[in-house]
Amino acid sequence: MKNKAILTFLLIIFMIPAHVTFSDEVNIYSARKEYLIKPLTDEFTKETGIKVNILSAQSKVLIKKIIDEGKSTPADILLTVDAGNLHDAKTKGISIPIRSNKLMKLVPAHLRDIENHWFGLSIRSRVIMYNPNKISPSKISTYDSLANSELKNRVCIRSSSNIYNQSLMSSIIHHNGELYAYDWASNVVRNFSHSPKGNDRSQMTSVVLGKCDVTLANTYYLGKWITSKKEIEREYAKKIKIIFPNQNDRGAHINISGALITKYSKNIDSATKLIEFLASDRAQEIYAKKNHEYPIRQDIEVSNIVKSWGYPFKMDMMSLTTLGSLNNQAGIIFDKAGWK
Ligand code: FE
């Protein structure tokens with residue numbers, strides 16, 4: 001009888017597939033909203049048996065938290081937006097290079113850190129949005145055109161303290177040099193309808209309400225308006241249009257949401273698997289669609305709303321590592337140009 005019990009016990013042990021070990025866990029510090037990633041991490045847990053815990057907060061708060069917690073941080077992964085933020089986290093020494101042949105294949109080279117500290121998982125573009133009753137799209141087909149004197153008192157763009165604007169400025173420095181970048185910023189400031197205040201969506205609202213005619217905003221914010229529960233936002237969405245800038249030269253400025261593995265991670269293998277999963281075809285389709293973003297590979301479907309804006313469009317292919325490395329210079333130029 002005793003032997004039979006031992007035999008049963010051994011049978012059960014060997015029947016549990018090796019990959020289902022519930023002791024495996026991954027902790028994500030996430031600057032992305034939980035509803036964007038929870039469906040995917042649930043799927044990942046189902047497939048691998050690896051449990052995923054998510055702590056959500058702002059990017060800056062999470063980076064500081066990881067630094068303060070040091071060795072005792074539970075964070076394995078930092079998930080955040082903007083290559084500028086990811087580069088900042090790397091510079092502060094909280095990340096390690098991720099060793100994964102899969103990720104090297106799945107994530108195009110310009111969308112990842114040159115030393116593999118972070119990998120892009122979705123794309124957004126910072127585009128021109130305008131009021132079609134007020135201005136012809138032919139007048140505003142490039143970032144450069146926002147500096148034309150014709151647009152005096154007609155442009156509104158959020159503050160330069162915002163990372164999205166800083167990364168765009170880094171891309172202008174990269175392509176055109178610092179002198180051009182300074183001239184551009186000074187002239188755009190001269191065209192401001194009012195001093196920078198509020199986020200991307202409040203600039204878009206100003207365009208709709210006729211307080212300015214042109215702004216810069218990330219694509220997914222229009223997607224959010226189109227699908228909003230609030231009727232007023234759905235109405236606003238009908239009154240504003242998108243231009244992908246610089247289609248005849250370098251392409252529209254893009255940025256990413258992405259992930260890094262912390263220096264203190266105790267679950268590097270599982271964390272790597274999770275990031276690989278998020279970069280896979282199946283996860284990509286869901287992840288990008290949920291927030292009206294673009295997948296990291298063009299062979300993956302985008303949502304119909306995103307498609308309606310024009311897809312594919314020409315994207316700026318510069319390495320996004322450069323956005324982070326030029327961030328300080330971008331700040332200096334904004335200050336000199338008087339862009340608050
Ligand atoms: Fe955003």
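Mentor: Start with the area buried between domain 1 and domain 2, about 1600 Å². Carbon and sulfur atoms give 61% of that area. The model is predicted, so these values are computed from predicted coordinates.

Trainee: Which residues make up domain 1 and domain 2?

Mentor: The domain assignment gives 20–123 + 256–308 for domain 1 and 124–253 + 319–337 for domain 2. The contact takes 23 residues from domain 1 and 17 residues from domain 2.

Trainee: Why is the pair Arg-124 and Glu-293 called a salt bridge?

Mentor: The cut-off is 4 Å between a side-chain nitrogen of Lys or Arg and a carboxyl oxygen of Asp or Glu. The closest N and O atoms of Arg-124 and Glu-293 are 2.8 Å apart, so the pair qualifies. The count between the two domains is 1 salt bridge.

Trainee: Which element gives the largest share of the side of domain 1 that touches domain 2?

Mentor: Helix α4, with 4 residues.

Trainee: What makes α4 largely enclosed?

Mentor: 7 of its 9 residues are buried, so the rest of the structure largely encloses the helix. Among them are Leu-86, His-87 and Lys-90.

Trainee: How do you know that Tyr-164, Tyr-220 and Tyr-221 are donors of the iron ion?

Mentor: The cut-off is 2.8 Å. Their OH atoms lie at 2.0 to 2.1 Å, so each counts as a donor.

Trainee: Why is Tyr-221 called buried?

Mentor: Buried means under 20% relative accessible area. Tyr-221 has 10%, so the label holds. Tyr-220, at 2%, is buried too.

Notes:
Residues are numbered from 1 along each chain as its sequence is written. This is a predicted model: local features need pLDDT of at least 70, side-chain atom pairs count only at pLDDT 80 or more; totals for chains, interfaces and linings use all residues. Side-chain values use heavy atoms; hydrogens and water are left out. Buried means under 20% relative accessible area, exposed over 50%, partly exposed in between (1.4 Å probe, protein chains only). Helices (H or I, at least four residues) and strands (E, at least two) are DSSP runs, numbered from the N terminus. Donors are N, O and S atoms within 2.8 Å of the metal (3.2 Å for Na, K and Ca); water is not among the atoms, so sites may look incomplete. Domain bounds come from an automatic or database domain assignment. Contact means heavy atoms within 4.5 Å. Buried area is the accessible area (1.4 Å probe) that two parts lose on being put together, summed over both.
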